[in-house]
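Dear colleague,

Please find below the structure for your records.

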Amino acid sequence: QVQLVESGGGLVQTGGSLRLSCAASGRTYNNYPMGWFRQAPGKEREFVASISWNGGNTYYADSVKGRFTISRDNANNTVTLQMNSLKPEDTAVYSCAARSVGFRNTVVYTTPASYNYWGQGTQVTVSS
């Protein structure tokens, strides 16, 4: 059974940091791109960051560039999102996503439709 489980969310003050992790089980995602998305109440799901299968390519939304860093540990089937200098507008449910097509494709993907599997999400709340 395919499963993505996020952890690391919580409540933090403006300017603080959080580190989100996504653990994949049920199959290996080591050879496929992965990404992070977020959704705030009343808003559509928004792209945050993506990473190629080997970590060689990354891409970020303009709103998080320079503050967030995506990385992956293929030996442990995990993807991490380090979030620094957090702002109230970063408040959302953050979900990781995995793509299961395009073996060792170095392209990074920014649309939800590009991903096949999703985690349940973890809440991030940034207080002002």
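Two strands are said to pair if DSSP finds at least two bridges between them. The model is a predicted one, and the pairing described here is computed from it. In strand β8, Val 79 is the bridge partner of Arg 72. Strands β7 and β8 (residues 78-83) run antiparallel and are joined by six bridges.

These two strands belong to an open sheet of four strands, paired antiparallel in the order β1-β3-β8-β7. Its edges are formed by β1 and β7 (68-73); each has a single partner strand, so one side of each is left without a neighbour in the sheet. On average, and with direction ignored, neighbouring strands of this sheet are turned by 15° against each other.

Gln 3 lies opposite Ser 25 of β3. Strand β1 (residues 3-7) has Leu 4 and Glu 6 on its covered face, while Gln 3, Val 5 and Ser 7 are on the uncovered one.

The largest nonpolar core has 33 residues, of which Trp 36, Leu 81, Met 83 and Tyr 94 touch the most other members. At least two residues of this core come from each of β3, β4 (34-39), β5 (46-51), β7, β8, β9 (92-98) and β11 (122-127). Strand β9 gives the largest share, five residues.

Finally, which residues does Tyr 94 contact, leaving aside its neighbours within four places in sequence? Among them are Glu 6, Leu 20, Trp 36, Val 48, Phe 68, Leu 81, Met 83 and Val 124.

With kind regards

Notes. Residues numbered from 1 in each chain as written. Predicted model: local features only at pLDDT ≥ 70, side-chain atom pairs only at ≥ 80, totals over all residues. Heavy atoms only, no water. Buried < 20%, exposed > 50% of the residue type's maximum accessible area, 1.4 Å probe, protein only. Axes fitted to C-alpha atoms, helices over the stretch in contact; angles between N-to-C directions. Core = buried A, V, L, I, M, F, W, Y, C linked by side-chain atoms within 4.5 Å. Contact = heavy atoms within 4.5 Å.
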